[in-house]
Every structure is written in C-alpha cells, then in structure tokens.
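Hello! Here is the structure I promised to pass on to you. Have a look at it, and then read my notes below.

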Amino acid sequence: MVSGGDSKSDISFPGIFASSAFAACFAEICTIPLDTAKVRLQLQKKIAAADHGPKYRGMLGTVATIAREEGLASLWKGIVPGLHRQCLFGGLRIGLYEPIKNLYVGDNFVGDVPLTTKILAGLTTGAVAISIANPTDLVKVRLQAEGKLAPGVPRRYSGALNAYSTIARQEGVRALWTGLGPNVARNAIINAAELASYDQVKQTILKIPGFTDNVVTHLLSGLGAGFVAVCVGSPVDVVKSRMMGDPSYKGTIDCFVKTLKNDGPFSFYKGFIPNFGRLGSWNVIMFLTLEQAKKFVKSIESA
C-alpha cells in the first residue's frame with residue numbers, strides 16, 4: 001500500500017479494500033463535526049452576512065454555535081451518507097492505488113516508484129472512486145447544510161435514505177451526480193496529494209537515522225498529507241460545497257465566477273483552518289488505523 005517505495009502490495013485487494021473502508025469510516029466518525037463546521041463556513045455568503053455580521057466565526061466558534069442552537073447531535077449530521085461514502089470511496093481510492101501504480105510502472109519495475117507515477121495513480125483512483133460515490137457526497141452536504149429551522153418548518157429530508165429517494169424523485173436521478181465535475185477534480189487532486197505525499201513523506205522520514213516504521217512516523221506522514229491536500233484542494237472544495245448546497249448555480253464555471261465576483265478570491269480559502277483541522281486529523285486517524293488494519297489482515301491471510 002502507501003508505504004515506502006515498494007510497488008508491490010503484500011495483502012490481497014479484498015483485504016486492502018476492507019482495511020481502507022474501515023480506516024476511512026473510523027476517521028469519518030471522529031472528525032465529521034469539523035467537516036460540518038467547514039461546510040457551514042463555506043456556504044456562508046458575504047452578502048447574506050453583511051447585515052448582521054457572519055453567523056459562523058472560525059472552526060471552534062462554528063462548532064459551538066451549531067451545538068448551542070441545534071444540539072450536539074447536529075454536528076454528526078450527514079454521518080450516515082458519510083459512512084456510505086467512505087465505504088465506497090475510501091475503499092476504492094486506496095484499494096485501487098497499488099494495482100493502478102503497478103499498472104503504470106509495469107510488472108518488471110524494480111526500485112522506488114517515481115513521485116510523478118504516485119501522483120498519477122492517486123489522480124486516477126480518486127477520479128474513478130468519486131464518480132461512483134458522488135450521490136453519497138451530495139446527500140452528505142445537503143444534510144450538513146441544513147441549519148436550525150423556524151418552528152413548524154419541516155426539514156427537506158428525514159434522513160439519508162429519504163434524501164436519496166427525494167432528490168431522485170424531485171430532481172431526477174442525474175441530480176444525484178450534481179457537482180460531479182468539481183467533485184472529481186477535488187477528490188482526484190486531494191487523493192493524489194494525500195496518497196503521494198504520505199508515501200513520499202514516510203519514505204523520506206524512514207531514511208532519517210533513528211526513525212522506524214512506527215506510530216510517530218505514521219502521525220507525521222499523515223499530518224504532511226493533510227496539509228498538502230488542503231493547500232491544493234481548498235478552492236475546488238469551496239466550489240463543490242456551494243454547488244451541492246445551492247442548486248441555483250448553472251455549472252462549475254458559473255459557481256467559480258460568482259463566488260469570485262461576490263465574495264472575492266480569499267473566499268476560495270474560506271474555512272481553511274477547519275479544513276486543515278478536518279483533513280489533518282482525518283489523515284492522521286485514517287493512516288494510523290489503516291496501518292494497523294493492514295497488519296491485522298496480513299496476519300489473517302498469512303496464517
């Protein structure tokens with residue numbers, strides 16, 4: 001998997017898929033409150049906030065506001081489709097990474113896989129995985145975007161399964177793939193940034209005297225992967241969240257232009273701190289869990 005420079009996986013595809021899906025789901029459960037805060041911050045528009053000042057301020061302030069106004073459970077809004085997404089997307093993007101990387105370098109390749117090949121493999125698996133998992137992402141954002149409602153006003157969706165069926169019935173099945181363009185771009189870029197940088201950082205750390213393939217190395221590599229992913233993925237992440245949360249945009253370019261015109265260039269890095277808090281902690285938890293899950297699966301398969 002994403003470890004060192006070795007291009008060969010030492011466990012089966014079902015094993016790495018199951019390990020990846022489990023690690024991604026566990027990280028999702030731990031960090032989704034930060035993701036909910038990130039979505040609310042990104043959907044908060046400057047025009048709407050001009051009269052009374054912004055409702056949400058900063059990551060911790062947003063978490064506190066949501067918890068106070070809507071209850072603690074609201075911070076885990078979207079967890080069901082979030083887990084649907086991680087089972088599909090997390091399992092596929094990481095599970096396919098080794099086979100695709102091996103396909104690009106060829107069976108007879110020996111030595112460290114070039115960084116460019118790692119990036120290309122990450123782009124490929126991220127794009128393929130999210131093309132399949134896009135409906136789960138859409139439902140997750142729709143549920144997270146819904147804030148506190150006035151008394152007597154019904155919620156748009158009663159839950160994740162109701163959201164899938166309601167969107168398909170009212171907007172058409174194709175609507176479940178709303179925002180696919182920016183979502184493919186975001187997830188291909190972030191997947192490549194995460195997997196290639198984790199691979200590369202870990203490989204570099206292991207060459208430093210005194211460092212071994214342990215929890216400290218995995219933690220540092222995971223933080224590095226999260227930071228790189230947020231830096232390169234934030235602008236397209238903002239566009240994706242706005243398109244999925246607001247159907248009035250005509251397309252990716254329309255959303256990008258309107259966001260730039262109405263809210264300015266810095267709006268593309270709105271929610272950067274919660275995004276890094278989310279992705280940084282998500283990567284640390286996911287990669288730490290993944291490394292342990294792979295060891296467990298390897299012990300079962302080699303028994």
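**What I found**

Let's start with Arg-242, which lies in helix α9; helices here are DSSP runs (H or I, at least four residues), numbered from the N terminus. This is a predicted model, in which local features need pLDDT of at least 70 and side-chain atom pairs count only at pLDDT 80 or more, while totals for chains, interfaces and linings use all residues. Residues are numbered from 1 along each chain as its sequence is written, and side-chain values use heavy atoms, with hydrogens and water left out.

Is Arg-242 buried or exposed? Its relative accessibility is 2%, so Arg-242 counts as buried (buried means under 20% relative accessible area, exposed over 50%, partly exposed in between, with a 1.4 Å probe and protein chains only). Its side chain is joined to that of Asp-263 by a polar contact of 2.6 Å (a pair of N or O atoms within 3.5 Å; within protein, one must be able to donate a hydrogen and the other to accept it, and residues adjacent in sequence count only if both atoms are side-chain atoms).

Helix α9 (residues 215-245) also packs against helix α6 (residues 115-145), at an angle of about 75 degrees and with the axes 9 Å apart. The axes are lines fitted to C-alpha atoms over the stretch in contact, and angles run from 0 to 180 degrees between N-to-C directions. The two helices are therefore roughly perpendicular (65 to 115 degrees). On the α6 side, Asn-134, Asp-137, Leu-138, Val-141 and Arg-142 meet Lys-240, Ser-241, Met-244 and Gly-245 of α9 (contact means heavy atoms within 4.5 Å).

Next, the inside. The largest nonpolar core has 17 residues, and Ile-94, Leu-195, Trp-282, Met-286, Phe-287 and Leu-290 touch the most other members. Such a core is a set of buried Ala, Val, Leu, Ile, Met, Phe, Trp, Tyr and Cys residues joined through side-chain atoms within 4.5 Å. Two or more residues each come from α1 (13-43), α5 (97-105), α8 (180-205) and α11 (272-301), and α11 gives the most, with 5. A second, separate core of 13 residues includes Val-139, Val-141, Ala-160 and Leu-176.

Finally, look at Ile-29 in helix α1. Ile-29 is partly exposed, with a relative accessible area of 42%. Not counting residues up to four places away in sequence, Ile-29 touches Trp-76, Ile-79 and Leu-83.

Enjoy exploring!

Definitions and conventions. Angles under 35 degrees count as roughly parallel, over 145 as roughly antiparallel, 65 to 115 as roughly perpendicular and the rest as oblique.
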